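Please read it alongside the sequence and coordinates shown here.

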Amino acid sequence: MSAEPVRSDRLPPAARGGPVSHTLARVARMHRATAGRLLRAAGIYPGQEFVMMCLWDHGPVRQSELIKRAELDPSTVTKMLQRLEQAGHVRRSPDPADRRAVVVEATGESCALLAQVADAWRELEEHTLAGLDARERAELARLLGKVEANLCTEEAECPTTAAPAQGPRQEESTSSARSTSAAEL
């Protein structure tokens, strides 16, 4: 079964010059909605899992460093941390080395959340790639890596948390200006 190519006559007139971009935007929106449904079962919202992944992987970090690592807008991370702290998943405290800074850490209670997030991501992966064989999955990852490289024209736009699909990244950088809505894939 082969996929039907995008027909430009079925696109909104303003999108006819970019049928692949239009499809990619629609897929990203549907992917985020599906992720949201799966993550709700764990009691979190899309984007919060990226904050938790940073904390699980790196341990306690300053909030400013967490913002850079998560590649999200500072106000978005602040709101996420408030919700995650209320749910008992994170703890914030003054940095002993600089009382003006805040250190954020995952709590012991977040261990159960880690398993739920891992399960949600596995289910999201299988749902997203259903019907693709191993070769097609590898090719899709390779092609998306190329698309990412095309979009990564400015150092501040280049993600640091995801490994490239093909080969090493030439430069690693961070961006604290990325919004939650930009983290859809």
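## The sheet

Three strands make up an open sheet in the order β1-β3-β2, with antiparallel pairing, where strands are DSSP runs (E, at least two residues) and helices are likewise DSSP runs (H or I, at least four residues), numbered from the N terminus, and where two strands pair if DSSP finds at least two bridges between them. The edges are held by β1 (61-62) and β2 (90-95), each of which has a single partner strand, so one side of each is left without a neighbour in the sheet.

Strand β3 (residues 98-106) and β2 pair in the antiparallel sense over six bridges, and the two form a hairpin with two residues between them. Within this pairing, Arg-92 has Val-104 in β3 as its bridge partner, while Asp-95 stands opposite Asp-98 in β3.

## Basis of the model

This is a predicted model, in which local features need pLDDT of at least 70 and side-chain atom pairs count only at pLDDT 80 or more, whereas totals for chains, interfaces and linings use all residues. Residues are numbered from 1 along each chain as its sequence is written, and side-chain values use heavy atoms, with hydrogens and water left out.

## Ring contacts

The count comes to one aromatic pair, under a rule by which rings of Phe, Tyr and Trp (its six-membered ring) pair if their centres lie within 6.5 Å, with planes under 30 degrees apart counted as stacked, over 60 as edge-to-face and the rest as tilted. Phe-50 and Trp-121 form this edge-to-face pair, at 5.7 Å centre to centre and with 80 degrees between the planes. The pair links distant parts of the chain, since Phe-50 lies in helix α2 (residues 48-58) and Trp-121 in helix α5 (residues 110-129), 71 residues apart.

Elsewhere, the charged end of Arg-83 sits over the ring of Tyr-45, 5.0 Å from its centre; the criterion is that NZ of Lys or CZ of Arg is within 6 Å of the ring centre and within 35 degrees of the ring normal.

## Accessibility around helix α6

Leu-140 lies in helix α6, and this residue counts as partly exposed because its relative accessible area is 32%, the classes being buried under 20%, exposed over 50% and partly exposed in between (1.4 Å probe, protein chains only).
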